[in-house]
Each structure stands twice: as C-alpha cells, then as structure tokens.
Amino acid sequence: QVQPVESGGGLVQPGGSLRLSCALPGFTLEHYAIGWFRQAPGKEREAVSCISSSSDGNTYYVDSVRGRFTISRDNAKNTVYLEMISLKPDDTDIYYCPISLSSFSGLTARGWGSAVEYDYWGRGTQVTDSS
C-alpha cells in the first residue's frame, strides 16, 4: 500500500486561497513527477497540474487554473504544494497528488493529464468553495 498523503483542504469563501500539501514518507519526491488532480462526485478525475523532477523543473497547468494555481516543491521538506488563489465554486472537489514512476519526457509524450500515467494515489483532501 503506497499512498501519498494530501492535506490542506478545507472550506474557503469565493476568492479565497488555500495551499495543499503532498507528502509520501519513504520516497524522495524530488525524483518523481507529481500531478494534481481533482474529482467531483459523479464525475471523472480532472487533471489540474503537474511538476517534473527537480532537475527538470517543468510545470504544466490546465487552462482553467493557469494564473490562479501554482505547483511547487520544497525538497528540504520532501513536500509538493499546490497553492490556490482566487478560488471559485467550480474548484470544489477532492484533490489528489498522484505520483508517476515514468520519466517526465515519457509522461508528457503520452499525456501528463491522463490519470493512468500515475502509479500511486492517496485518499485526497476536500476543497469546498462556498457561494
């Protein structure tokens, strides 16, 4: 059972901000590509963002969050973050930070936003934007 641990979710007013964290003890996360996905009840998981290994330093975002969400790493804390600002009601979802064992070049060639490209999934953290 290998499960990343997502945290930092909660209830926030429209226009507010949150910072989500992703951790996995036993893994040095800087060596892996990490995604952020979100899922609403009855819907498929939606890709949000992805960050490559620290040596590559590449990030990707879907258009709906670009400029509002920022993915980053703190290697000293072995943690990946998703900072979210200007939150909207449509951002209400469970957020996941899956880990990919693939090379980032292979991941992006096949599609970084495809959930099947990620190997380890956690339980997620709930983000609720009130309206």
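This is a predicted model: local features need pLDDT of at least 70, side-chain atom pairs count only at pLDDT 80 or more; totals for chains, interfaces and linings use all residues.
Residues are numbered from 1 along each chain as its sequence is written, and side-chain values use heavy atoms, with hydrogens and water left out.

Student: In what order do the four strands of the open sheet stand?

Tutor: Strands are DSSP runs of E of at least two residues, and helices are runs of H or I of at least four, numbered from the N terminus. Two strands pair if DSSP finds at least two bridges between them. Strand 1 (5-7) and strand 7 stand at the edges, each with a single partner strand, so one side of each is left without a neighbour in the sheet. The pairing is antiparallel and the order is 1-3-8-7.

Student: Which residue in the turn between strand 4 and strand 5 has a positive phi?

Tutor: Strand 4 and strand 5 pair in the antiparallel sense over five bridges, and glycine 35 has cysteine 50 as its bridge partner in strand 5. The two strands form a hairpin with six residues between them. The positive phi, about 80 degrees, belongs to glycine 42.

Student: How many residues of strand 5 are buried?

Tutor: Buried means under 20% relative accessible area, exposed over 50% and partly exposed in between, with a 1.4 Å probe and protein chains only. Strand 5 covers residues 46-51 and is mostly covered. Of its six residues, the number buried is five.

Student: How many aromatic pairs does a search of the whole structure find, and how is the pair of phenylalanine 37 and tyrosine 118 classed?

Tutor: Rings of Phe, Tyr and Trp (its six-membered ring) pair if their centres lie within 6.5 Å; planes under 30 degrees apart count as stacked, over 60 as edge-to-face and the rest as tilted. The search of the whole structure finds seven aromatic pairs. The centres of phenylalanine 37 and tyrosine 118 are 5.2 Å apart and their planes stand at 75 degrees, so the pair is edge-to-face.

Student: How many residues apart in sequence are the parts that phenylalanine 37 and tyrosine 118 tie together?

Tutor: Phenylalanine 37 lies in strand 4 (residues 33-39), and tyrosine 118 in the loop between helix 1 (104-110) and strand 11 (125-129). Phenylalanine 37 counts as buried at 1% relative accessibility, and tyrosine 118 is buried with a relative accessible area of 4%. The separation in sequence is 81 residues.

Student: Over the face of which residue does arginine 45 lie?

Tutor: A charge sits over a ring if NZ of Lys or CZ of Arg is within 6 Å of the ring centre and within 35 degrees of the ring normal. For arginine 45, the distance from the ring centre is 4.2 Å.

Student: Which backbone nitrogen does the side chain of aspartate 91 reach?

Tutor: Aspartate 91 is placed in the loop between strand 8 (79-84) and strand 9 (93-96), and at 1% relative accessibility aspartate 91 counts as buried. Its side chain reaches, at 2.8 Å, the backbone nitrogen of lysine 88.

Methods: A polar contact is a pair of N or O atoms within 3.5 Å; within protein, one must be able to donate a hydrogen and the other to accept it, and residues adjacent in sequence count only if both atoms are side-chain atoms.
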